[in-house]
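Reader: I'm new to this structure and would like to go through it step by step. Could you show it to me first?

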Amino acid sequence: MQYKAYCFDLDGTVYRGNEPIASAVTFIHALQAKGIEPFFITNNSSKTVAELQATLLNMGIIAQADHIYSSALATASYITENFTGERAMLIGSHGLRDALQREGIEIVEHGASVVVVGIDKDVNYMKLAIAAVALQQGATLVSTNQDIKFPTEHGFVPGNGAFTTLIADVASVTPHYVGKPSPRMLEMIARDHHLRKEEMVLIGDNHDTDILCGVNYGIATIHVATGVTPSADATQATYRINELTDLL
Ligand SMILES: [Mg+2]
């Protein structure tokens with residue numbers, strides 16, 4: 001198979017926690033040796049692009065900054081495109097704050113017209129309560145991603161979707177989710193780099209986020225069995241492989 005744009009999920013596909021997945025690094029180096037610069041798309045909104053680039057460098061991968069797309073960037077561009085003059089209340093970490101500020105979105109503590117939710121390891125009762133009240137006063141709920149849980153070496157821990165669901169339920173509103181499986185990050189890649197759908201492929205470990213993101217956008221997908229979803233359950237993937245070196 002030959003594509004112009006290989007769009008890699010990160011956690012579970014390129015690395016697991018702090019450990020690179022050797023077969024992925026080998027495959028990415030092989031692409032780069034052929035002059036193909038990979039794209040990276042992650043639902044993780046906690047890091048800036050520069051931090052994601054540094055993380056990849058630690059794994060032995062030199063990534064172009066303009067080839068890295070996070071749910072933080074996608075959320076900021078979603079707000080800019082769909083609303084005007086927004087005042088955003090933020091539950092999230094510095095990666096999301098940075099992305100919103102780069103889009104010129106005002107961040108406020110009170111009187112928000114949009115509540116933006118991304119993973120926030122310093123989240124507390126008061127933040128959740130203020131957000132729930134803002135939603136009842138008419139603010140729109142925009143969330144980076146709907147992942148309810150996140151795998152760690154100890155077991156599953158709460159993901160961003162768990163907190164988003166919590167405040168949405170309290171306020172009886174429906175969140176706008178921006179990260180995978182929404183195709184928005186793929187749309188941004190296609191637009192920014194002038195790519196056609198048949199030139200693009202999505203590579204990921206999670207069926208319900210990665211593979212469905214590719215399906216929703218209408219491009220080919222490769223499921224790799226190095227992360228969350230076992231191969232047998234990746235039913236909608238175009239290709240299913242054990243590890244990326246199987247493609248070499
Ligand atoms: Mg993953």
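Reader: In which loop is the place of D11?

Author: Keep in mind that this is a predicted model. D9 is found in the loop between β1 (5-8) and β2 (15-16). For D11, too, the place is the loop between β1 and β2.

Reader: Is D11 buried, partly exposed or exposed?

Author: Buried means under 20% relative accessible area and exposed means over 50%, with partly exposed in between. D11 has a relative accessible area of 34%, so D11 is partly exposed.

Reader: And D9, is that residue buried or exposed?

Author: The cut-off for buried is under 20% relative accessible area. D9 has a value of 8%, so D9 is buried.

Reader: Which feature does UniProt place at D9 and D11?

Author: The feature comes from an unreviewed UniProt entry, which places "active site" at D9 and D11. Of these residues, D9 and D11 are included in the lining of the largest pocket. The name to remember from the record is "active site".

Reader: Which residues are the protein donors of the magnesium ion?

Author: Along the chain, the donors follow the spacing D-x1-D-x193-D. They lie 2.1 Å from the ion, and they are D9 (OD), D11 (O) and D205 (OD).

Reader: Which residues does D11 touch, apart from those up to four places away in sequence?

Author: Touching here means heavy atoms within 4.5 Å. With residues up to four places away in sequence left out, D11 touches R16, G17, F150 and D205.

Reader: With which side chain does the side chain of K180 make a polar contact?

Author: K180 sits in the loop between β12 (176-177) and α7 (184-193). Leaving aside neighbours within four places in sequence, K180 is in contact with residues including D9, I41 and D210. The polar contact is 2.9 Å and joins the side chain of K180 to that of D9.

Reader: What does UniProt say about K180, and is K180 buried or exposed?

Author: In an unreviewed entry, the UniProt annotation "binding site" covers K180. The relative accessible area of K180 is 2%, so K180 is buried.

Reader: Against which elements do the buried residues of α8 pack?

Author: Helix α8 spans residues 207-217, and its buried residues include H207, T209, D210 and C213. At the start of α8, a side-chain oxygen of N206 comes to within 2.9 Å of the backbone nitrogen of D208. Just after α8, G218 takes a positive phi of about 90°. As for packing, the buried residues of α8 lie against α7, β13 (200-204) and β14 (220-224).

Reader: How far apart are the C-alpha centres of domain 1 and domain 2?

Author: The chain is divided into domain 1 (5-43 + 180-247) and domain 2 (83-177). Their contact takes six residues from domain 1 and six residues from domain 2. The C-alpha centres of the two domains are apart by 26 Å.

Note on methods:
Residues numbered from 1 in each chain as written. Predicted model: local features only at pLDDT ≥ 70, side-chain atom pairs only at ≥ 80, totals over all residues. Heavy atoms only, no water. UniProt positions renumbered as here; feature names shortened; annotations may be inferred. Helix = DSSP H or I, 4+ residues; strand = E, 2+ residues; numbered from the N terminus. Buried < 20%, exposed > 50% of the residue type's maximum accessible area, 1.4 Å probe, protein only. Polar contact = N/O pair within 3.5 Å; in protein donor to acceptor, adjacent residues only side chain to side chain. Donors = N, O, S within 2.8 Å, 3.2 Å for Na, K, Ca; no water. 1 Å grid on protein atoms, 1.4 Å probe; cavity = no way out; pocket = protein on both sides within 12 Å on 5 of 7 lines; lining within 4 Å. Domains from an automatic or database assignment.
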